[in-house]
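The following text is a walk through a protein model, written to be read alongside the sequence and the 3D view. Please keep both open and find each element as it is named.

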Amino acid sequence: MTDVSQLQFRPPAIPDVELRGFWGERADAVASTTVHILLDRCAEAGMFEQIDPTRPVPRQRLPFHRKEGKEPTVTTQMFWDSDVAKALEAAAYAIHRKPDPALEARVDEIVDMFAALQREDGYCNSWYLRMQPGREWTNLRDCHELYCAGHLIEAAVAYHQATGKRKFLDVMIRYADLIERRFGPGADQMQGYCGHEEIELALIKLGRETGEQRYLDLAKFFIDVRGRKPHYFDLEAERRGASPDGFVHGTHEYSQSHLPVREQTRVVGHAVRAMYLYCGMADVATEFHDNSLTEPLEMLWSDLTERQMYVTGGIGPEEHNEGFSDPYHLPNETAYAETCAAIALAFWASRMLGRGPNRVYADVMETAFLNGALSGLSVEGDRFFYENPLESGGCHHRWEWHRCPCCPPNIARAVTSIGTYMYGVADDALAVHLYGANRATFTLGGGRVSIEQETEYPWDGRVVLKIGTETPRRFALSLRLPGWCANPSVSVGGEAVDLSSASRSGYVTIDREWSHGDSVTLDLPMAVTALRADPRIRADRGRTALTRGPLVYCMEETDNDTPLDTILLDGGFERAEISKMEELGGAVAIRVPVGKETHKGWGRALYKAAPPRVETVLGIFVPYFLWDNRDPGEMLVWIRTR
Ligand SMILES: [Zn+2]
């Protein structure tokens, strides 16, 4: 029997998974609409003028952020390379999904710009080569330099996987080689790291793509050196003649560099930065069998998911630091819950599965992808949320663009690459973490094996997996039994699997010789479930959120009488009816009788000793990720409950 907890599970490559069904429709919207919007907006913003060395050096379009008594070091224009990179990464996946010669030519043109921009020694950052030449590597704390490098590396790996073209990858390999020479433990090297994590996980991707161990070693170096004393960012500030106290965000908790990573137990600071750091830590734990990272990662995971996470998988309630505050402080209407942060949580969760299947992580990955992240993209793929509140009085709407355009390309690349998060591949073991119609091929047990998922998931919980293989092959197939499902059942070739003996950490593992045409059927009954929150979450006291399967539901003004906060839930969910909403692409809506406080018969008095009359009306709930795709209006997730 294979002990799947001792293996190293890595994501499949983009060409290995062909999305169909639910995710296929969304990937098509991104491929046909979103990626074109992304590249157009990058052009309108002037980003390519900054990158392209054949054009005159442009003026600075976005001013430095200024704050009394603080060092004015940052303009979002400094990290334009990352916006372009994420757009290119999404475009790479789009081109793989749907051949588009015009789009591919456009990407090649941008790749050529980066190749022409690249300095002889490999350095490749448009801000420092064109706008502030000679200042590179002087402010790692604020200026996103290695962050931009990381996103470019991810884009280059994606484009190589999607098209087989090497030019972008070779440019980024030269850049990574420069970074490897400049950063490291040697006396003539810099012992610094980026204020915005990302390079770590990108180097892991580059190491896996090229088979070069030294990129994995460099990722580990950045993880190991973070937060050591004396603090690199303070020394660096002094070197450029500035006071460390001039740091605009005040505390190194902002960038999770307040302590060495192995001493960190609380999730703090900027949410996306935190998640990307933990991604890197989990990747290093997988690649190096580094058990010293296990306990900190598990403690950070508990702190986040047991105290600081919205029911949607949204994270980071605060706007001022785009991140975390106090435990259980999860306001709904003012939730910042940046789309990028929910995506980044899903990324971290996926990497926590590197050392073996565990439902604790995969359930959260699914929650974040399907709710708090996917809400950031409209059905048509043409409008976006940056903040993802769980309550709206009617004034929160999708943007056509955003002043800080990080979220649109991030959700575009996440949706089009979701197939790589669905599976974990080890030498002779395969884990299925996410369900959704697709066809995937893997190298398992020394040969090629295909898996076809036939399902309406997430609208329906029946999943049929069909195995394809030229010759019979032995491998361990682990299937997630979602925590939301009270009574899952699994059968192989029509024969029921005894889940009590075959499951561990929320996965059922079937280790056997598989033949062509074998099939596994999962039945994951989806009941409407009423969730209550820990009473320490003030905003949710006395309230209920409805879920069905992996989806969190909300009420919208367009379907219901307002104000939504006069609605009262009163059980009766066993009588809930589900129906398909054609105007929302066949999404499953929940209809259930609810109470509604009315002012009918109340009279003119503003205050009275008697409660208002309660009428019974039909409450209609739709998946949270679909809100604000129809008529604008109020939205509410947590409903008052009698
Ligand atoms: Zn964002």
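Begin with two helices, α12 and α13, which are oblique to each other. The reason lies in the angle: their axes cross at roughly 140°, and an angle over 145 degrees would be needed to count as roughly antiparallel, so this pair falls among the oblique ones. This is a predicted model, and every value here is computed from it. To find the two helices, look for residues 294-307, which form α12, and residues 339-351, which form α13. Their axes come within 12 Å. The crossing in which α12 passes α13 is left-handed. On the α12 side the contact is made by L297, L300, W301 and L304. On the α13 side, L345, W348 and A349 take part.

A second pair of helices can be read in the same way. Helix α1 covers residues 21-45 and helix α4 covers residues 101-117. The axes of α1 and α4 come within 12 Å and cross at roughly 35°. Here, too, the crossing is left-handed. From α1, the residues V35, H36, L39 and D40 make the contact, and they meet L103, R106 and I110 of α4.

Now turn to the strands. Seven of them form an open sheet with antiparallel pairing, in the order β1-β5-β6-β7-β13-β9-β10. At its edges lie β1 (17-19) and β10 (495-496), each of which pairs on one side only.

Within this sheet, strand β13 (residues 519-523) has β7 on one side and β9 on the other. Strand β7, made of residues 462-469, is joined to β13 by five bridges, and the two run antiparallel. In this pairing V463 stands opposite L522 of β13. Strand β9 (residues 489-492) also pairs with β13 in the antiparallel sense, over four bridges. There, S489 has D523 of β13 as its bridge partner. How much of β13 is buried? Four of its five residues are, which makes the strand mostly covered.

V492 has E495 in β10 as its bridge partner.

Another open sheet has five strands, in the order β3-β4-β8-β12-β11, and its pairing is mixed. Its edge strands are β3 (423-426) and β11 (503-504), each pairing on one side only. R504 stands opposite Y507 in β12.

Finally, consider the cysteines. A disulfide is a covalent bond between the sulfur atoms of two cysteines. How many disulfides does a search of the whole structure find? The search finds zero. Take C194 as one case: the nearest cysteine sulfur belongs to C148 and is 8.0 Å away. C395 is in no disulfide either; its nearest cysteine sulfur, that of C554, is 16 Å away.

Are these two cysteines buried or exposed? C194 has a relative accessible area of 1% and is therefore buried, as the limit for buried is under 20%. C395 counts as exposed because its relative accessibility is 76%, and exposed means over 50%.

Methods: Residues numbered from 1 in each chain as written. Predicted model: local features only at pLDDT ≥ 70, side-chain atom pairs only at ≥ 80, totals over all residues. Heavy atoms only, no water. Disulfide = S-S within 2.5 Å. Buried < 20%, exposed > 50% of the residue type's maximum accessible area, 1.4 Å probe, protein only. Pairing = 2+ DSSP bridges. Axes fitted to C-alpha atoms, helices over the stretch in contact; angles between N-to-C directions. Parallel < 35°, antiparallel > 145°, perpendicular 65-115°, else oblique. Left-handed = near helix turned anticlockwise from the far one by under 90°. Contact = heavy atoms within 4.5 Å.
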